[in-house]
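Subject: Structure handover

Hello,

Here is the structure I promised to pass on. Please open it first, then read the notes below.

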Amino acid sequence: MTSMTLPARAETRPPLPIRPTPHERDGRQGGAGTGRPHPQRHMTAGSSAADLARVEKEIGPRLPGAIYQNVDGRFEVLALVTDPADAAQLLRRDSARWAVVVRDTLRPDGQPFAIGSVWTTSDYLIRPARTAYAPAV
């Protein structure tokens, strides 16, 4: 009987079997790219209609002047930034393609801030965007 304090000899043990190749990359496959699974795509002048439609769907009805509400608060849209460079700087995120500058109307001291969250089913529109305002008397 072997002692439990003695280490097992490596030469007496067979090598562990290698698992089958998984669906995801685990480093055993040959690399044929830049090392990034999804290269960054920026909105350019030559963007496809599908990219533009996806961005419009993500933004939703949040155009300047609109007021919408969700679980975080009630927000008035002050500006919509669709230039990827400006949006990335506002959100401090290189992958940003757009940003919405909003102000929380439920807080009396609400300061404008930029968001990049997409329009979801939990958001609902209170007032649509206004393209023309009535003149002040």
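With which residue does R54 form a salt bridge, and how far apart are the closest N and O atoms? The partner is E58, and the closest N and O atoms are 3.8 Å apart. (A salt bridge here is a side-chain nitrogen of Lys or Arg within 4 Å of a carboxyl oxygen of Asp or Glu.)

Before the rest, some ground rules. This is a predicted model: local features need pLDDT of at least 70, side-chain atom pairs count only at pLDDT 80 or more, and totals for chains, interfaces and linings use all residues. Residues are numbered from 1 along each chain as its sequence is written, and side-chain values use heavy atoms, with hydrogens and water left out.

**Salt bridges**

The count comes to five salt bridges. Back to R54 and E58: both lie in helix α1, residues 49–59. They are four residues apart, about one turn of the helix. (Helices, H or I with at least four residues, and strands, E with at least two, are DSSP runs numbered from the N terminus.)

E58 has another partner. Its side chain meets that of R97 in a salt bridge, at 2.9 Å from N to O. This pair links distant parts of the chain: E58 sits in helix α1, R97 in the loop between α2 and β3, 39 residues apart. Together, R54, E58 and R97 are linked in a network of salt bridges.

How open are these three? R54 counts as partly exposed, because its relative accessibility is 36%. E58 is at 17%, so E58 counts as buried. R97 is buried too, with a relative accessible area of 15%. (Buried means under 20% relative accessible area, exposed over 50%, partly exposed in between, with a 1.4 Å probe and protein chains only.)

One more pair is worth a look. E76 forms a salt bridge with R127, and their closest N and O atoms are 3.8 Å apart. E76 lies in strand β2 and R127 in strand β5, so the pair ties together parts that are 51 residues apart in sequence. Both E76 and R127 are buried.

**The sheet**

Five strands form an open sheet, in the order β4-β3-β2-β1-β5. The pairing is antiparallel. (Two strands pair if DSSP finds at least two bridges between them.) The edge strands are β4 (113–115) and β5 (124–127), and each pairs on one side only. Neighbouring strands are turned by 45° against each other on average, direction ignored. (Axes are lines fitted to C-alpha atoms, for helices over the stretch in contact; angles run from 0 to 180 degrees between N-to-C directions.)

Strand β3 covers residues 99–104, and three bridges join it to β4. Within that pairing, the bridge partner of V102 is F113 in β4. Helix α2 (residues 84–91) lies across β2 (73–81), β3 and β4. The helix runs at about 45° to β3.

**Two single residues**

R92 is found in the loop between α2 and β3. Its phi is near 55°, a positive value in a residue other than glycine. R92 is exposed, with a relative accessible area of 77%.

I126 lies in strand β5. I126 is partly exposed, at 41% relative accessible area. Leaving aside neighbours within four places in sequence, I126 is in contact with I67, Y68, Q69 and R74. (Contact means heavy atoms within 4.5 Å.) I126 and R74 are 52 residues apart in sequence and 8.8 Å apart in space, C-alpha to C-alpha.

Best wishes
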